Structure formats: C-alpha cells, structure tokens
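Here's a quick tour of a protein model, starting with a single pair of side chains and then zooming out. Take a look at it before reading on.

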Amino acid sequence: MGGTALIVIDMLNTYEHDDAEVLVRSVRDALPGVGALLKRAREARAPVIYVNDNFGRWRSHHGEILEAALAGRYGDLVEPIAPDQDALFVVKARHSAFFETPLAYLLNQLRVRRVVLCGQVTEQCVLYSALDAHIRHLDVTVALDAVAHIDAGLAEAALRMMERNMAAELRPSGGITFEDGRAGR
C-alpha cells in the first residue's frame, strides 16, 4: 500500500447535537461524493481510513460507534458509506484527525504521501485535519462535493484557506482517482 489514502472524517454520526438538522441537509448532498470516493479507493486497493469522534464514549470501539450511528435517527446517512472489512479506523476526541491520534504513524507505516479528505464538518474537522496534514508535509486533496458543512459561508472560507494557506487541491469527487496509489490530477 502507499501513495494516497482516503480519510473519511466523522461520517459515523448519531446526529444528536444542536446543529444536526442543518448538518443533515448538507450531509445528504455530500453522500454521493463520499460513496463514489469509497468505491474508487476500494477498487484501487488504496487505504481507506475512517477517523471518527467517539462522542465521549471512552469505552467504545469502532464497532460500537458504527452500531450507534446506524441505530440513530439518521442511520440512512451512515449505512451507504459504512466501513467494510478492509477499512482502517482511528478514534479521535477533538477536531483534527491527527490531534493525539495514531493517524500520522499509520500513514507513515502505509507510506502515504497524499490524503484525500471527505466528511464533516468542512469548517471544523476537515479544516483542522487539512492543516495538520499540511504541517506533516502530506499533500492534501479535499473532495468538494464530499464534504458537509453547518455554515455555508464559513465552509467556503475554510475551503479557500485550505487551498491558499495549505496548498490543498480542491476537486470534485469525480475528478479524484486512486490509480497507482495516487489521487488523479
């Protein structure tokens, strides 16, 4: 393995928080893009890594997080993009996929040099994960139609920051491939 990894951020969600209704609308729009990226990454045998909040459930593991999300009010948003048996999983407690997690070590072990980010929330967890990837000298691609937001204006500003300040490549999911372990340019 190596080259490029798909990082799926916080898509296993029970949507039991204040901004859930606004977020759900955006997630519905992003879901086809996330599904398309998952399909292409899996077909290319690129690493697929789900990085997800544990929602304060410190005794949980990835199976329990997935079960809770599937059983939640919006399980229909989780089911089509659920991890398969080959997916890797990292639990996070804060916004960044890298903050106090083993993700950087895992990516190094897989010899990943480029990450493709998708998931939620663009102006929070995706933004901070892109920054942390950038400062670790990873190339970053953000799938424009596979990220969801709470605040459209802040999401647009976050995308501009990722592109300008972090040299992130912003592309629609249909323009991202995983052949030979690299995202298509």
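The side chains of E169 and R114 are joined by a polar contact of 2.4 Å. Keep in mind that this comes from a predicted model. E169 sits in strand β6, which covers residues 169-171. Is E169 buried or exposed? E169 counts as buried because its relative accessibility is 19%, and the cut-off for buried is under 20%.

Now let's zoom out to the whole protein chain. How many helices and strands does the protein chain have? There are 6 helices and 6 strands. Starting at the N terminus, the elements come in the order β-α-β-α-α-β-α-β-α-β-α-β. The protein chain has a radius of gyration of 15 Å, close to the 16 Å that the globule rule gives for 185 residues, so it is as compact as a globular protein of that length.

Here are some values for the chain as a whole:

| Property of the protein chain | Value |
|---|---|
| Box filled by the C-alpha atoms, along the principal axes | roughly 40 × 35 × 30 Å |
| Share of the 185 residues that is buried | 52% |

What about contacts along the chain? Among contacts with a separation of 6 or more, 81% are between residues 24 or more positions apart.

Last up is charge. The protein chain carries 20 positive and 25 negative side chains. The centres of those two sets lie 5 Å apart.

Terms used:
Residues are numbered from 1 along each chain as its sequence is written. This is a predicted model: local features need pLDDT of at least 70, side-chain atom pairs count only at pLDDT 80 or more; totals for chains, interfaces and linings use all residues. Side-chain values use heavy atoms; hydrogens and water are left out. Helices (H or I, at least four residues) and strands (E, at least two) are DSSP runs, numbered from the N terminus. Buried means under 20% relative accessible area, exposed over 50%, partly exposed in between (1.4 Å probe, protein chains only). A polar contact is a pair of N or O atoms within 3.5 Å; within protein, one must be able to donate a hydrogen and the other to accept it, and residues adjacent in sequence count only if both atoms are side-chain atoms. The radius of gyration is taken over C-alpha atoms; the globule rule is 2.2 Å times the number of residues to the power 0.38. Contact means heavy atoms within 4.5 Å. Lys and Arg count as positive and Asp and Glu as negative; His and the chain ends are not counted. The place of a charge is taken as NZ of Lys, CZ of Arg, CG of Asp or CD of Glu.
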